[in-house]
Amino acid sequence: MQRTLVLLKPDAVQRRLMGEIISRFEKKGLNIIAMKMLQVTPTLAKEHYAEHVEKPFYPGLESFIISAPIVAMAIEGLEAIRVVREMLGATNGLNAAAGTIRGDFSSSRQMNLVHASDGEEAAARELALYFNEDEICAYNPVL
Ligand code: CMP
């Protein structure tokens, strides 16, 4: 089993797409093992997007990600990092395939609705930014 961090970005919340997106992960059979709504601070934005801080698009990305509340989720499943990334689609909504979350709901490179960790190292680092270990729940299906 792998764990990955998923963020529903400000556009997903403002456009009332949270339920639609969460529903896709649930229907796929992934386990949502932690979830919280929060306002990202400039400090957290710089930590989260450390690899992009020096890039020309970073100021716009930071303004966007701190502009309104987001939802952070820890998602668990077999090959969850790859599976979730494939469900998101390409970074730019204009290039994302139909049937993916971005392909179906985004036409933007910046306002692309969702973020997901792109590898095991990133997942561990990003999960620790948003969740304490005691906020992660054991998913014990009873059905
Ligand atoms: P995300 O998966 O959260 O990872 C980095 C984010 O930066 C990406 O989604 C986009 O929202 C944003 N991004 C990546 N490339 C660009 C770009 N060239 N211009 C603007 N935003 C970008």
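I call a residue buried if 20 or more other C-beta atoms lie within 10 Å of its own, exposed if 12 or fewer, and partly exposed in between, with C-beta atoms placed from the backbone. I take helices (H or I, at least four residues) and strands (E, at least two) as DSSP runs, numbered from the N terminus.

**Ground rules.** I am working on a predicted model, where local features need pLDDT of at least 70, side-chain atom pairs count only at pLDDT 80 or more, and totals for chains, interfaces and linings use all residues. I number residues from 1 along each chain as its sequence is written.

**Helix H7.** I started with H7, residues 120–130, and found Ala123, Glu126, Leu127 and Tyr130 buried. Down the axis of H7 these buried residues fall within an arc of 105° (taken from the directions from the helix axis to the C-beta atoms), so they line one face. On the other side of H7, I noted Glu121, Ala128 and Leu129 as exposed. I then looked up what the buried residues of H7 pack against: S1 (2–8), H3 (42–48), S3 (70–77) and H5 (80–88). Contact here puts two C-beta atoms, placed from the backbone, within 7 Å.

**Strand S1.** I counted 6 of the 7 residues of S1 as buried. S1 and S3 run antiparallel, joined by 7 bridges. S1 also runs antiparallel to S4 (residues 114–116), through 3 bridges. Strands pair if DSSP finds at least two bridges between them. I checked leucine 8: valine 71 stands opposite in S3, and valine 114 is its bridge partner in S4.

**Record check.** UniProt, in an unreviewed entry, lists Lys9, Phe57, Arg85, Thr91, Arg102 and Asn112 under "binding site". Its positions are in the numbering used here, feature names are shortened, and annotations may be inferred rather than shown by experiment.

**Lysine 9.** I placed lysine 9 in the loop between S1 and H1 (10–14). Lysine 9 counts as buried because it has 23 C-beta neighbours inside 10 Å. Leaving out residues up to four places away in sequence, lysine 9 touches Ile65, Ile70, Leu113, Val114 and His115.

**Asparagine 112.** I found asparagine 112 in the loop between H6 (101–105) and S4. Asparagine 112 is buried, with 23 other C-beta atoms within 10 Å. With residues up to four places away in sequence left out, asparagine 112 touches Thr91, Asn92, Gly93, Arg102 and Ser106.

**Ligand.** I listed the residues surrounding the ligand (C-beta atom, placed from the backbone, within 6 Å of it): His52, Phe57, Leu61, Thr91, Arg109, Gln110, Asn112 and His115.
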